[in-house]
Amino acid sequence: MYEYHDQYKRARERGDVPAQERWVRQLTWEIARHAVGEEIVVYPLMEKHLGDQGRKLADHDRKEHQDVKQNLYKLESLSPSSAEYHSLIEQTMASLHHHNDDEEIKDLPLLEPAIGEDASKQAALSFKKTKKLVPTRAHPSAPNKPPFETLVGLLEAPIDKVKDWFASFPTEDEMHGAKEELKTRDHDAAAGRAAAGH
Ligand SMILES: [Fe+2]
């Protein structure tokens, strides 16, 4: 998200409003999926494994996410070339810096030893899967569109609904199994690619 924010600022310095809009769209989706991903994957682990302290930290983090989400809602109604829009982005990024640092310095170092290396790796993989929540432009016709067509739709979806949606993807074990299987059956995949003209 910091990289997208930099791109936005550079576009703004050039006075390129359409590019500003494109980078802010990318940035806001990234912020939203990051927040939802943590709410699905990380906070439940903190609550389960860190007792009272975990519940307090998770509540605190969710509250900060809520504030950021409010800012994202507000951004949707502002004009990208307005001063208010820019100051809201800067304000949001400043509080996110603080919030992200907190999570990295306080939360994760507590959580990692409490759950162990394997569970930590699993959680990292699950979190990576939340990239599926962001619309991709790489294959516009591929059936991998997220079920949330707007940013507000994603932010307002009940966390349980998002969790269910994630459960409809293969598990990490299934993905691993498929990769192993592919090693011995790669000719099928190669034939498929050839047939598809790639
Ligand atoms: Fe967060």
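Axes are lines fitted to C-alpha atoms, for helices over the stretch in contact, and the angle between two axes runs from 0 to 180 degrees between N-to-C directions. In this predicted model, the axes of helix 2 and helix 4 come within 9 Å and cross at roughly 45 degrees. Helix 2 and helix 4 are therefore oblique to each other, and helix 2 passes helix 4 in a left-handed crossing. On the side of helix 2, the contact is formed by Val24, Ile31, Gly37, Val41, Val42, Leu45, Met46 and His49. Helix 4 contributes Ile89, Leu96, Asp107, Leu111, Ala114, Ile115, Ala123, Ser126 and Phe127. By class, 13 residues of the contact of helix 2 with helix 4 are nonpolar, three are polar and one is charged.

Helix 2 also packs against helix 3. Helix 2 covers residues 17-49 and helix 3 covers residues 51-76; the angle between them is about 165 degrees, and their axes lie 10 Å apart. That angle makes helix 2 roughly antiparallel to helix 3, because angles over 145 degrees count as such. The crossing of helix 2 with helix 3 is left-handed. In helix 2, the residues that meet helix 3 are Thr28, Ile31, Ala32, Ala35, Glu39, Tyr43, Met46, Glu47 and His49. Their counterparts in helix 3 are Gly54, Arg55, Leu57, Ala58, Asp61, Arg62, His65, Val68, Lys69, Leu72 and Leu75. The contact of helix 2 with helix 3 has 10 nonpolar, four polar and six charged residues.

Helix 3 packs in turn with helix 4 (residues 83-129), at an angle of about 160 degrees and with the axes 10 Å apart. Helix 3 and helix 4 are therefore roughly antiparallel to each other, and their crossing is left-handed. From helix 3 the contact takes Leu57, Asp61, Glu64, Asp67, Val68, Asn71, Lys74 and Leu75. From helix 4 it takes Tyr85, Leu88, Gln91, Thr92, Ser95, Leu96, His99, Glu103, Lys106 and Asp107. The contact of helix 3 with helix 4 comprises six nonpolar, five polar and seven charged residues.

The geometry of individual helices was also examined. Helix 2 has 33 residues, which at 1.5 Å a residue should span 48 Å; its end C-alpha atoms are 46 Å apart, so the two values agree. A bend of about 40 degrees occurs in helix 2 at Glu39, a residue that also belongs to the contact with helix 3. Just after helix 2, Gly51 adopts a positive phi of about 55 degrees.

Key. Residues numbered from 1 in each chain as written. Predicted model: local features only at pLDDT ≥ 70, side-chain atom pairs only at ≥ 80, totals over all residues. Helix = DSSP H or I, 4+ residues; strand = E, 2+ residues; numbered from the N terminus. Parallel < 35°, antiparallel > 145°, perpendicular 65-115°, else oblique. Left-handed = near helix turned anticlockwise from the far one by under 90°. Contact = placed C-beta atoms within 7 Å. Nonpolar A, V, L, I, M, F, W, Y, C, P; charged D, E, K, R; others polar. Expected span 1.5 Å × (residues − 1). Bend = angle between axes of the 7 residues up to and from the residue.
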